[in-house]
Amino acid sequence: MFKLSLAPIQALPAQGVAGADAGACVVFEGRVRARNRGREVVALEYEAADETARREFEKIAEEARRAFSVRDILCTHRAGRLAPGDLAVRVVVTAERRGAAFSACEYVVDELKRRLPIWKKEHYADSSSAWLNQPGP
Amino acid sequence: MKSVRVRYYAALREQRGLPLEIVDTPAETAAELYDELRARHGFRLAREHLRVALNGDITGWNSPLRADDIVEFLPPSAGG
């Protein structure tokens, strides 16, 4: 399940999200860093191709389910303007066993960073800004 | 000629100055459409650095264009 959120990502419930038959739950949280490539970041803007991102995430999740024995794979990703320390993405994987949960979570996070049509623009203290990962002129 | 809806994102959106436009084009494939638009607007991103999605699905550049398709040109990913 994939959700894009313009609002801050809500805290997970205290009792967790795994059901009774999921012995393991692995959570990845990616937060905005205050420094990147030696520069002070004052804000990070995320932009997404909403529906295309959702469909590509579902493909990634399906690949993870085929490769690892997992139950639920959930992702919430921010869009809009974020400050250093803000939660940008959360991936939750539940499984019967921890090995599958750890492996699937790593796979999903690596693939979403590589493949989802989502972009980030860093804003720096000197008022300049730059879209990340763009090829040079 | 066919009418398609083109969506731009991130650096490409800034270069075009628009997030979305309707384009009448003789292009038969997504690649031909991008080449046409790049020649017209001077985009600084070469096609080899982009991906393309048609109607919400990331697909190959040689995919055929149909009338009313939603075409999204996707700069290199930087999510997560």
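A strand is a DSSP run of E of at least two residues, and strands are numbered from the N terminus. In the predicted model described here, Asn36(A) lies in strand β3 of chain A. Asn36(A) has a relative accessible area of 14% and is therefore classed as buried, the cut-off for that class being under 20%. Along the chain, Asn36(A) and Glu122(A) are 86 residues apart, yet a distance of 8.8 Å separates their C-alpha atoms.

Strand β3 (35-36) also contributes to the largest pocket, as at least two residues of the lining come from this strand. The space in the largest pocket amounts to about 250 Å³. Its lining is made up of 16 residues. Those nearest the centre of the pocket are Arg31(A), Arg33(A), Tyr46(A) and Lys120(A), together with Gly80(B). By residue class, seven residues of the lining are nonpolar, six are charged and three are polar.

A further feature concerns the surface. Leu12(A), Val17(A) and Val27(A) make a nonpolar surface patch of about 190 Å². Of these residues, Val17(A) is found in the loop that runs between β1 (2-5) and β2 of chain A. Val17(A) has a relative accessible area of 33% and is therefore classed as partly exposed, since this class covers values between the 20% limit for buried and the 50% limit for exposed.

Technical notes: Residues numbered from 1 in each chain as written. Chains lettered and ligands numbered in written order. Predicted model: local features only at pLDDT ≥ 70, side-chain atom pairs only at ≥ 80, totals over all residues. Heavy atoms only, no water. 1 Å grid on protein atoms, 1.4 Å probe; cavity = no way out; pocket = protein on both sides within 12 Å on 5 of 7 lines; lining within 4 Å. Points joined across faces, edges and corners; volume = space filled by probe spheres on them. Helix = DSSP H or I, 4+ residues; strand = E, 2+ residues; numbered from the N terminus. Nonpolar A, V, L, I, M, F, W, Y, C, P; charged D, E, K, R; others polar. Patch = residues over 30% accessible without salt bridge, like charges linked within 9 Å, V, L, I, M, F, W, Y side chains within 5 Å. Areas by Shrake-Rupley, 256 points an atom, 1.4 Å probe, with all protein chains shown as cover. Salt bridge = Lys/Arg side-chain N within 4 Å of Asp/Glu carboxyl O. Buried < 20%, exposed > 50% of the residue type's maximum accessible area, 1.4 Å probe, protein only.
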